[in-house]
Amino acid sequence: MARAVLTISSKNYSSWSLRGWLLCKLAGLDVEEQRVSIDDPDNRAELLLLSPSVLVPRLTHEDASVWDTLAIAEYLHEVFPDVAMLPADRIARAHCRSISGEIHSGFHNLRSALPMNLKARHRNFKVFAGAKPDIERIETIWGECLTRYGGPFLFGEPTVADAMFAPVATRFLTYNVSLQPASQAYCDAIMAWEPMIEWIAAAKAEPEEVEELDVEF
Ligand SMILES: N[C@@H](CCC(=O)N[C@@H](CS)C(=O)NCC(=O)O)C(=O)O
């Protein structure tokens, strides 16, 4: 059987690639990484041909082609039912799906004002006022989960929700966003999570730089 392939782009800049990759790690699925170079349009066009959304991540596994992170999460949950990608409890599972959906479809101001950039550190970053409600909502989501399920991850042990929110934790670190102690502890747990350590080390070794995202704000 052919090895599963995960198509991703930059490890430093692509938050959706990180989410897809973390989901595969959570599932325990060993994937071959197919990298779409951010500065090679031909290579990119060819590799993305099979992803109708022309977006990454895309997973191919045993003749199935799955794109879009939430679809990948649900696919992996279905294929690996013994791995706790979602909480065992029905009510917690509904909660996990809801907040994963919320990060998937929302927080546009946060995304554009604080783009993921794992190599960067901006000590005196002034957060755009429009992104503040997003940050407040994220802290509320995290606070409720950590209180209800006891941490250190949102539902105790790592789940789909942590894969979805991990790039937010890195943004808070990159842009030195001041957080409540519980949110800060969650960010620390994400940064100490073994797959995150692996991904960040690879991101730091990447040569590509996108000038617009590397300016000092
Ligand atoms: N909703 C999609 C979002 C995917 C997405 O926006 N991916 C970005 C990478 S971070 C992308 O492929 N952008 C096109 C590009 O880089 O040209 C998902 O959940 O997978």
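Here are some questions and answers on a predicted model of a protein.

Me: What percentage of the residues in the protein are buried?
Reply: Buried means under 20% relative accessible area. The protein exposes about 10500 Å², and carbon and sulfur atoms supply 54% of that area. Of the 217 residues, the buried share is 50%.

Me: What share of the contacts with a separation of 6 or more joins residues 24 or more positions apart?
Reply: Take the contacts in the protein with a separation of 6 or more. Then pick out those between residues 24 or more positions apart. Their share is 73%.

Me: How far apart are the mean positions of the positive and negative charges?
Reply: The protein has 20 positive and 31 negative charges.

Me: Is S17 buried or exposed?
Reply: S17 is found in helix α1, residues 15–27. Its relative accessibility is 0%. The cut-off for buried is under 20%, so S17 counts as buried.

Me: Which residue's side chain makes a polar contact of 2.6 Å with the side chain of S17?
Reply: Leave aside the neighbours of S17 within four places in sequence, and S17 is in contact with I8, S9, V56, P57 and W199. The polar contact of 2.6 Å joins two side chains. The partner of S17 in it is S14.

Me: Which residue does a cis peptide bond join to P57?
Reply: Most peptide bonds are trans. P57 lies in the loop between α2 (41–47) and β3 (58–61). Omega of its cis bond is about 10°. The residue joined to P57 is V56.

Me: What is omega for the cis peptide bond that joins G151 and P152?
Reply: P152 also sits in a loop, between α6 (132–149) and α7 (160–174). A cis peptide bond joins P152 to G151. Its omega is about 0°.

Me: Is F107 buried or exposed?
Reply: Most residues other than glycine have a negative phi. F107 is not a glycine, but its phi is positive, about 60°. F107 has its place in the loop between α4 (90–105) and α5 (108–113). Its relative accessible area is 8%, so F107 is buried.

Me: What is the phi of N176?
Reply: N176 lies in the loop between α7 and α8 (181–192). N176 is partly exposed, with a relative accessible area of 40%. N176 is not a glycine, yet its phi is positive, about 55°.

Me: Which residues does A84 touch, not counting those up to four places away in sequence?
Reply: A84 is in the loop between α3 (69–79) and α4. A84 is exposed, with a relative accessible area of 55%. Beyond its sequence neighbours up to four places away, A84 touches P158 and T159.

Key:
Residues numbered from 1 in each chain as written. Predicted model: local features only at pLDDT ≥ 70, side-chain atom pairs only at ≥ 80, totals over all residues. Heavy atoms only, no water. Buried < 20%, exposed > 50% of the residue type's maximum accessible area, 1.4 Å probe, protein only. Contact = heavy atoms within 4.5 Å. Areas by Shrake-Rupley, 256 points an atom, 1.4 Å probe, with all protein chains shown as cover. Lys, Arg positive; Asp, Glu negative; His and termini not counted. Charge placed at Lys NZ, Arg CZ, Asp CG, Glu CD. Helix = DSSP H or I, 4+ residues; strand = E, 2+ residues; numbered from the N terminus. Polar contact = N/O pair within 3.5 Å; in protein donor to acceptor, adjacent residues only side chain to side chain.
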